[in-house]
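Take a guided walk through this structure.

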Amino acid sequence: MAVDLLLGLQWGDEGKGKIVDVLTQNYNLISRFQGGPNAGHTLIFDGHKHVLHTIPSGIFHKEAINVVGNGVVIDPVIFNKEIEDLSQFDIDFKKVLLISRKAHLILPTHRLLDAASEKAKGKDKIGSTLKGIGPTYMDKTGRNGMRVGDLELDNWKEIFEKLTQKHLKMIEFYDVELEYNLDELRACFFDSVAELKKLTFIDSEEYLHNAIRTNKTILAEGAQGSLLDVDFGTYPFVTSSNTTAAGACTGLGVAPNQIGEVFGIFKAYTTRVGSGPFPTELFDEDGATMAKVGHEFGATTGRARRCGWLDMVALKYACQVNGVTQLNMMKADVLSGFETLKVCTAYEYKGEVISHFPYNIEPENVKPIYTEIPGWKEDLTGMTSEDQLPAALNNYIDFIEKETGIKITIVSVGPDRKQTIER
């Protein structure tokens with residue numbers, strides 16, 4: 001039995017949480033393989049909105065087991081708050097939420113380091129969410145991080161203090177003003193660790209291997225988006241982990257030949273949060289309409305998302321890097337009312353027309369070349385089947401499928417799990 005992957009193909013915020021929630025009924029096990037609490041997966045059902053930051057999106061399905069993989073970085077304080085927020089749902093967390101011993105921990109001083117580093121950059125800041133993600137991955141690759149499994153050791157507080165003292169010296173180096181109470185941060189962290197230790201820690205790679213061997217159905221859930229991948233994204237305006245399909249292998253201990261379907265999630269348009277180049281970004285009324293109708297604000301940070309037309313060059317690049325087998329288009333309903341849609345199908349790059357995603361897409365180097373497509377006026381939010389979709393939307397879907405060579409199997413026409421059309 002193969003492991004299926006679900007990935008974002010843009011700069012994150014594509015609606016992965018909803019699709020995982022929709023697909024979960026088909027899987028025994030949902031596993032998160034990278035990232036940290038800088039990601040927010042939003043799920044809406046029964047008239048209520050739920051935002052998950054670290055916990056996999058299958059947590060609302062009682063039959064699903066949820067695994068936080070080794071590639072994830074965990075902030076015990078935020079994790080504990082997530083569990084508290086879910087207490088109303090009568091979830092047996094010890095049974096259905098399993099945590100890899102090899103997952104790294106975000107310490108309070110990781111967040112302080114993040115803030116100090118970003119503040120020191122001044123106008124050159126990269127738009128960090130200040131959750132301590134980058135510094136935690138730096139400690140991981142620097143081979144002196146603290147992992148979940150360390151919490152089972154008698155001397156785990158000594159490991160914590162040693163790393164904390166290292167961080168404090170690094171913060172001094174940045175020479176910026178930060179206000180914090182280390183004693184309060186430490187106490188809150190220790191209290192949260194006590195709660196975290198009530199959950200089940202596992203050797204996740206062995207657990208997943210046995211699940212595959214016994215024909216369990218597994219869905220691996222990514223965070224952020226492919227264009228934020230530390231290797232293949234718009235560096236340095238990226239996250240600190242591999243958000244692409246390869247990250248599932250390293251973030252779960254799953255071999256490449258165990259990967260099955262790769263579901264690629266994208267919006268019918270494009271958004272981006274924070275700093276970084278964005279070739280199709282709109283600064284006019286069309287962009288403002290997308291933001292307003294699409295409620296484009298970050299689930300974790302609350303930051304406004306920048307909006308623009310669909311970038312087909314970037315989308316095809318993400319499909320290629322990930323080996324996408326099925327496309328899922330989100331927020332088609334947001335484009336209702338636009339008389340004409342634009343799709344970027346090539347770039348003018350340093351005076352030359354190219355159709356591939358280049359090393360540098362800064363505005364001084366890249367200008368989008370658009371193809372115009374007729375829009376539709378119909379309200380999609382009440383539609384429940386493919387045959388109800390307007391002809392112009394079907395033409396838009398056909399155009400994307402021809403450009404990518406990949407079928408769009410799901411079209412989302414609203415935020416609720418019921419507002420999902422399978423094709």
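How do the residues of the lining of the second largest pocket divide into nonpolar, polar and charged? They divide into 10 nonpolar, 3 polar and 2 charged. Here Ala, Val, Leu, Ile, Met, Phe, Trp, Tyr, Cys and Pro count as nonpolar, Asp, Glu, Lys and Arg as charged, and the others, Gly among them, as polar.

A word on the ground rules. This is a predicted model, in which local features need pLDDT of at least 70 and side-chain atom pairs count only at pLDDT 80 or more, while totals for chains, interfaces and linings use all residues. Residues are numbered from 1 along each chain as its sequence is written, and side-chain values use heavy atoms, with hydrogens and water left out.

Back to the second largest pocket. It has a volume of about 300 Å³. Its lining has 15 residues, and Gly233, Thr234, Tyr235, Tyr359 and Asn360 lie nearest its centre. A pocket is an open set of points on a 1 Å grid over the protein atoms alone, with protein on both sides within 12 Å along at least five of seven lines; a cavity is a set where a 1.4 Å probe fits but cannot get out; lining residues have an atom within 4 Å of a point. Grid points are joined across faces, edges and corners, and a volume is the space filled by probe spheres set on the points.

The whole structure holds 1 cavity of 30 Å³ or more. The largest cavity contains about 30 Å³ of space. Its lining is made of Gln10, Trp11, Leu227, Thr270, Asp311, Ala314 and Leu315. By class, that lining has 4 nonpolar, 2 polar and 1 charged residues.

Turn to strand β1, residues 3–8. Of its 6 residues, 6 are buried. Buried means under 20% relative accessible area, exposed over 50%, and partly exposed in between (1.4 Å probe, protein chains only). Strands (E, at least two residues) and helices (H or I, at least four) are DSSP runs, numbered from the N terminus. In a regular strand the side chains alternate between the two faces of the sheet. In β1 both faces are covered: Val3, Leu5 and Leu7 are buried on one side, and Asp4, Leu6 and Gly8 on the other.

What does β1 pair with? Two strands pair if DSSP finds at least two bridges between them. One partner of β1 is strand β11 (residues 259–267), parallel to it over 5 bridges. There, Leu5 stands opposite Val262. Strand β10 (residues 218–221) also runs parallel to β1, joined by 4 bridges. Asp4 has Leu219 of β10 as its bridge partner.

Helix α1, residues 16–23, comes next. It is largely enclosed by the rest of the structure, because 8 of its 8 residues are buried. Among them are Lys16, Lys18 and Asp21.

Now look for aromatic rings. The count comes to 11 aromatic pairs. Rings of Phe, Tyr and Trp (its six-membered ring) pair if their centres lie within 6.5 Å; planes under 30 degrees apart count as stacked, over 60 as edge-to-face and the rest as tilted. Trp156 and Phe190 form an edge-to-face pair, 5.5 Å centre to centre with 85° between the planes. Trp156 lies in helix α6 (residues 156–174) and Phe190 in helix α7 (residues 182–196), so the pair ties together parts 34 residues apart in sequence. Trp156 counts as buried, at 9% relative accessibility. The rings of Trp376 and Tyr396 are tilted, because their centres are 5.9 Å apart and their planes at 50°. Trp376 and Tyr396 are both buried.

Ring pairs also link Trp156, Phe160, Phe189 and Phe190 into a cluster. Lys157 lies over the face of Phe190, 4.7 Å from the ring centre. Such a charge sits over a ring if NZ of Lys or CZ of Arg is within 6 Å of the ring centre and within 35 degrees of the ring normal. Lys342 does likewise over Tyr370, with its charged end 5.7 Å from the centre of the ring.

Finish with the backbone. Most residues other than glycine have a negative phi, and most peptide bonds are trans. The bond from Tyr235 to Pro236 is cis, with omega near 5°. Asp175 has a positive phi, near 55°. Asp175 lies in the loop between α6 and α7 and is exposed at 67% relative accessibility. Gln224 also has a positive phi, near 55°, but Gln224 is buried, at 8%.
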